[in-house]
Amino acid sequence: MEVIILPSIEECANLGACMVSELVTSKPNTVLGLATGSTPIPVYAELVRLHNESGLSFSKIKSFNLDEYIGLSPDHSCSYRYFMKEHFFDLIDIEQDFTYVPNGMVDDISEECSKYESAIKKCGGIDLQILGIGSDGHIGFNEPGSSLSSRTRIKTLASETIRDNARFFDDEDEVPRHCITMGVGTILDAKSVLLLAFGESKADIVAKSIEGPITSMIPASVLQMHQNVTVLLDDKAASKLSRRDYYRDVYSNKPDSY
Ligand code: F6R
């Protein structure tokens, strides 16, 4: 796990976008795993800028989003499909047919989940999965207690997540209670992972996830088992890491060839 700590969200977003852009340039048919929430917004904004100003093309990529609320139609302003169109898909040259977001409106949820898993496999797997982290340690919507080998399935949102996400809705009661989410096992199958966390409110859970024991009670902690994870943190999100000076040292002395 490489932990990179930078002073500001802007610098993290620029580096995160640079990593995505290098991958997409070297492998134009990259399969990206995407997240919603506030954290990746500045990364998407920087990628849109690179598309507009430097010709970065997404025309051959495919994307799979981590999750979607059950019961919100794609044109509901709080659905994750809507979020992705607003912040990314409609602003770049991606083929809309190759943007996969679970459909939370289907009757047969379990069929939708198996179809999602099959579609990821058919595309050759996810090359780079972008992740945020919930204040309770969830990745995707894998809440504490999720099986560490789980696959795409229905989950019930934890009350902490409902409270956290209420800011996107007019009222907390409007936050759906259920979602479809890639499983922890699905996320671990990605060839590489970029976990982003910004701000003081994430400092506690970031420290537990990176430096604490691996436990299903903090699903993000399982990323310690993945061979290719980069964690991008601003100073505030990194403030409770006991080995933050070491991580800074490693990054500033990183040899060119590695
Ligand atoms: C979103 C997702 C969630 C968020 C997490 C953090 O697709 O899967 O795990 O990444 O809830 O949300 P923010 O970034 O809003 O703090």
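Start at the ligand and select R167: a polar side-chain atom of this residue lies 2.8 Å from an oxygen atom of the ligand. That is a polar contact, meaning a pair of N or O atoms within 3.5 Å; within protein, one must be able to donate a hydrogen and the other to accept it, and residues adjacent in sequence count only if both atoms are side-chain atoms.

Before you go on, note that this is a predicted model, in which local features need pLDDT of at least 70 and side-chain atom pairs count only at pLDDT 80 or more, while totals for chains, interfaces and linings use all residues. Numbering runs from 1 along each chain as its sequence is written, and side-chain values use heavy atoms, with hydrogens and water left out.

**Stop 1**

For H138, the corresponding distance from a side-chain N or O atom to a ligand oxygen is 2.7 Å. The protein covers 94% of the 410 Å² of accessible area that the ligand has on its own (Shrake-Rupley method, 1.4 Å probe; for residues, only the protein chains shown count as cover). Which residues come nearest to the ligand? Select T39, D67, H138, G140 and K202, out of the 14 residues around it (a residue is near a molecule or strand if one of its heavy atoms lies within 4 Å of it).

**Stop 2: the sheet**

Switch to cartoon view and follow the open sheet of seven parallel-paired strands in the order β1-β10-β9-β6-β2-β3-β5. Helices (H or I, at least four residues) and strands (E, at least two) are DSSP runs, numbered from the N terminus, and two strands pair if DSSP finds at least two bridges between them. At the edges are β1 and β5 (99-100), each pairing on one side only. Zoom in on β5 and β3 (residues 62-65), which pair in the parallel sense over two bridges; here F64 has Y100 as its bridge partner.

Next, select β10 (229-234). Five bridges join it to β1, with V3 opposite V231. On β9, V193 has V229 as its bridge partner, and five bridges join β9 to β10 as well. Why is β10 largely enclosed by the rest of the structure? Because six of its six residues are buried (under 20% relative accessible area; exposed is over 50%, partly exposed in between; 1.4 Å probe, protein chains only). V229, V231 and L233 point one way, and T230, L232 and D234 the other.

**Stop 3: the core**

Select L233, which touches V3, I210 and L241, among others (contact means heavy atoms within 4.5 Å). L233 is also one of the residues that touch the most other members of the largest nonpolar core, which has 33 residues. Such a core is a set of buried Ala, Val, Leu, Ile, Met, Phe, Trp, Tyr and Cys residues joined through side-chain atoms within 4.5 Å.

Move to α7 (203-211), whose buried residues include I205, V206 and I210. They pack against β1, β9, β10 and α8 (244-252).

**Stop 4: Y247**

Finish in helix α8 with Y247. Is Y247 buried or exposed? At 13% relative accessibility, Y247 counts as buried. Leaving aside neighbours within four places in sequence, Y247 is in contact with V3, I5, I210, E211 and L241.
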